[in-house]
Amino acid sequence: SLVGTVVAGMYRIDAELGAGGAGTTYRATHNVIERPIALKVFRRFLAEDASTAARFEAEAHSAIQLKGRHSVQVYDSGVTRDGRLFLARDLVDAPSLAEVVAASGPLAPARALHVAVDVARALEYAHARGLLHRGLSPHNIFLVEVDGEEVAKVSDFGQAAMFTKDDGASLRP
């Protein structure tokens with residue numbers, strides 16, 4: 001576990017939030033601005049292949065450009081001292097769609113439609129910027145309250161694929 005360490009000289013890892021197939025997400029504090037963030041640290045093997053690491057950097061840079069209302073903001077990316085790739089993003093203090101459904105069952109039709117429209121807006125915003133989300137699931141859709149309204153926000157665009165705007169269908173290797 002990386003709890004108690006500092007990544008890239010500025011992200012103090014405070015606690016583990018969860019782990020998945022690609023890596024582990026931590027609650028961290030940005031040391032300069034003392035702001036809580038989420039830091040996703042990917043499994044080491046992803047950085048071992050030079051082309052995968054280069055693609056990650058390019059895709060992370062593109063994800064940083066996504067500043068839409070329905071996207072979880074990515075701020076930074078890099079490599080840890082021990083050679084693992086990481087992404088720094090907003091810390092979302094809200095349940096995922098998966099957690100809401102597990103706790104309460106299926107969403108009411110009107111709420112499900114509202115969530116689906118928000119997710120479609122996030123994807124449309126990303127697609128207009130050449131990004132295709134490769135792992136959309138209820139685990140990376142968060143239901144956040146913004147000014148008294150529920151807003152669905154999509155995360156993990158850092159694992160997105162870039163596509164050419166010429167044909168919109170051919171993914172870059």
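This report describes salt bridges in a predicted model.

## Basis

The model is predicted: local features need pLDDT of at least 70, side-chain atom pairs count only at pLDDT 80 or more, and totals for chains, interfaces and linings use all residues. Residues are numbered from 1 along each chain as its sequence is written, and side-chain values use heavy atoms, leaving out hydrogens and water.

## Salt bridges in the whole structure

A salt bridge is a side-chain nitrogen of Lys or Arg within 4 Å of a carboxyl oxygen of Asp or Glu. The whole structure holds 6 salt bridges. Helices (H or I, at least four residues) and strands (E, at least two) are DSSP runs, numbered from the N terminus.

Arg 35 and Asp 90 form a salt bridge at 3.3 Å, N to O. Arg 35 lies in strand β4 (residues 35–42) and Asp 90 in strand β6 (residues 85–90), 55 residues apart. Arg 35 is partly exposed at 38% relative accessibility, whereas Asp 90 is buried at 19%. Here buried means under 20% relative accessible area, exposed over 50%, and partly exposed in between (1.4 Å probe, protein chains only).

Arg 69 and Glu 149 form a salt bridge at 3.1 Å, N to O. Arg 69 sits in the loop between α2 (50–64) and β5 (74–79), and Glu 149 in strand β9 (residues 149–154), 80 residues apart. Arg 69 is partly exposed at 43%, and Glu 149 is partly exposed at 37%.

## A pair within helix α4

The closest N and O atoms of the salt bridge between Asp 118 and Arg 121 are 3.7 Å apart. Both residues belong to helix α4 (residues 109–128); they are 3 residues apart, so about one helical turn separates them. Asp 118 is buried, with a relative accessible area of 2%, while Arg 121 is partly exposed at 47%.
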